[in-house]
Amino acid sequence: MTLVSEDTFEAEGLSLGPIESGTSILLTGDDGDALASVFYRLVAPDADGDERAVVLATEESGRTVRRSLDRTKRGSGDRAAVLACTGTGDGGDVRVVDDLGDLTRLGMDLSSMVAEAQGQSARFRTGMLLCSSVCAAAADMRSVYRLLNSTFLPELRRGDGIGVCALDTSADVGTNARSVVAGMNTSFSAHVEVERTGRREATLTVSGLGDDRTTTVSL
Amino acid sequence: MSRNVLCVDRSERIGGVVDAVEAEDGLTAVRAPSVEAARERLESESIVCVVTAYDLPDGTGMDVVGAIRETASQTPCVLFTDVAPSDIDTASFEEVIVEYLNRDLPDAADRLGFVANDVIDHSAQVGFLAPDDEGERLEALAAYDVAELPIEESFDRLTDLIASHFDAGVAFIGLIERDEENVLSCHGAEMGSITREDTICTHSMLEEDVMVVENIHEDKRFSGNDLLVNLGIVSYAGANMTTDDGHVIGQVCLIDFEERRYSEAERHELQQFAETAMEILDLRQAVRAERPLEVAR
């Protein structure tokens, strides 16, 4: 059982320790599966802490996202609202965005869903899987930064939550991915770099979450 | 100082929006009951934030947002509406980001004032990422009384030297302020202040090392930037001017009108020039700080 503090969030199986409310985490790596595995552990809401989650999923359906959350933490799927770019919506907590490049609509949907989640519980986790897909779909990177500034980062300073933005560094984002990561790294409060080191193992290089460190996790 | 918030809504509903905005200390509501009226206010008033409904007599709130993005791209906008996102026509505004606030929420009015203040305080819809230490960085920058320092001639000589050394079309020194880059000296072009999200330097300052863009047309961060493209800029290299406390306050940059690479040695040299610019700034500031003491003696 996880001891839940009111001011911190836990990520099971990652040995990251308590994560302070308000933390924005940039999650990067070049292995999509390893990245997703770590992402779900960071974003899965804790029922004991009465948490909710809002996930933007660019590659997976809402149903798949909820199943992945449930596998990570039992019952967490039902506590998550998903804005998905594939699959079908359920008229409730799973909504579908038709065009990932329509960042205007995407931003509105996300703002709306986060506000609804906060109406159900003060504690929340938000996640974007994958931000690199949003970068690739956008015509102008300034719009992606505007999206992050207006819908992702503000909720973390205004409310009681953490946010995780996953970026696949192997994706073609139409710009220098290393430079984008370096830039985002200074803007986010923490960086977790995922490197797959075995079939079911990865190394996390962690900064901004207490002492900088490298840790090995099973996938 | 009061901050003007443009409130756009139908005449019969605008009162509630104005009341919610003015319930916050320091915010003054400027009324506009239509898209056309909003356009007029944007031209005649200094507006720091826009709060608009979606359904308006002569258009939609997205028309208002589109209007302000044309003239003041960094001004934050809040779409305060009971229309669901799925019913909002975004076809002509695919990358016009606003903050959506549902007017049907029980605490919508309270939220509106809070959100308006927050988006103003944090420049919340700018098209660039600010460093985590932005507040301290701006304080560090403000400590340099640049307008009063006799640095112009020194920096002009330095940018002449830098352009000559690298055989570059343009060399400039700029300080990166909250909303814009203030170019202090420039060899090879006329540059004053540039909106921050339109500059390459706001990206370069986030990197520890010299940032090089060999061809901006091949980089999505800049290829859609009309200002850069219209100036004919193709390549860029920028090095950080960093205070003793580690805050990046400015950049020393090279621009060329053709694709260009920079060797490791050249990048190192550009960084040295940036450190020299920082030393000049520090020395001038130190001399200025000493002067009142000398007079007192």
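Predicted model: local features only at pLDDT ≥ 70, side-chain atom pairs only at ≥ 80, totals over all residues.
Start by selecting helix 2 of chain B, residues 35–44: its buried residues are B:Val35, B:Ala37, B:Ala38 and B:Leu42. Now look down the axis of this helix. Those buried residues fall within an arc of 155°, so they line one face of helix 2 of chain B.

What do the buried residues of helix 2 of chain B pack against? Select strand 1 (3–8), strand 2 (27–32), strand 3 (49–52), strand 4 (55–56), strand 5 (59–60) and helix 3 (61–71) of chain B, and you have the elements they pack against.

**Zoom out to chain B**

Show the whole of chain B next. You can trace 9 helices and 13 strands in chain B. Along its principal axes, the C-alpha trace of this chain spans about 65 × 55 × 30 Å. Of the 297 residues in chain B, 54% are buried. Consider, too, the contacts in chain B between residues at least 6 apart in sequence: 62% of them join residues at least 24 apart.

Select residues 235–242 of chain B, which form strand 12. Is strand 12 of chain B largely enclosed or open? Of its 8 residues, 7 are buried, so strand 12 is largely enclosed by the rest of the structure.

To see one pairing, pick B:Met211, whose bridge partner in strand 12 is B:Gly238.

Click on B:Asn240 and look across to strand 13, where its bridge partner is B:Gln251. Strands 12 and 13 of chain B form a hairpin with 5 residues between the strands, and B:Gly246 in this hairpin takes a positive phi near 90°.

**Two aspartates to compare**

Stay in strand 13 of chain B and select B:Asp256. Is B:Asp256 buried or exposed? Its relative accessible area is 7%, under the 20% cut-off, so B:Asp256 counts as buried. Leaving aside residues up to four places away in sequence, B:Asp256 touches B:Asp167, B:Ala168, B:Gly169, B:Ile233, B:Val234 and B:Ser235.

One of those contacts, B:Asp167, is your next stop. B:Asp167 sits in the loop between helix 6 (152–166) and strand 8 (170–176) of chain B. With 65% relative accessibility, B:Asp167 counts as exposed. Phi of B:Asp167 is near 50°, a positive value in a residue other than glycine.

**Spaces in the structure**

Which residues lie nearest its centre? Of the 22 residues lining the largest pocket, these are A:Arg157, B:His122, B:Ala130, B:Pro131 and B:Glu134. Helix 5 (141–158) of chain A gives the most to this lining, with 4 residues. By class, the lining of the largest pocket has 8 nonpolar, 8 polar and 6 charged residues.

Next, find the largest cavity, which holds about 100 Å³ of space. It is lined by 14 residues, and the closest to its centre are B:Met191, B:Ile194, B:Ile200, B:Leu228 and B:Ile255. The lining of the largest cavity divides into 11 nonpolar, 1 polar and 2 charged residues.

The second largest cavity has a volume of about 70 Å³. Residues lining it include A:Val54, A:Leu110, A:Met128 and A:Phe152.

**Last stops in chain A**

Select A:Leu129 and A:Leu130: the peptide bond from A:Leu129 to A:Leu130 is cis, with omega near 15°. A:Leu130 belongs to the loop between strand 7 and helix 4 (131–137) of chain A.

Finish at A:Ser15, in the loop between strand 1 (8–9) and strand 2 (19–20) of chain A. A:Ser15 is exposed, with a relative accessible area of 53%. Phi of A:Ser15 is positive, near 55°, in a residue other than glycine.

Terms used
Residues numbered from 1 in each chain as written. Chains lettered and ligands numbered in written order. Heavy atoms only, no water. Buried < 20%, exposed > 50% of the residue type's maximum accessible area, 1.4 Å probe, protein only. Pairing = 2+ DSSP bridges. Arc of directions from axis to C-beta. Contact = heavy atoms within 4.5 Å. 1 Å grid on protein atoms, 1.4 Å probe; cavity = no way out; pocket = protein on both sides within 12 Å on 5 of 7 lines; lining within 4 Å. Nonpolar A, V, L, I, M, F, W, Y, C, P; charged D, E, K, R; others polar. Points joined across faces, edges and corners; volume = space filled by probe spheres on them.
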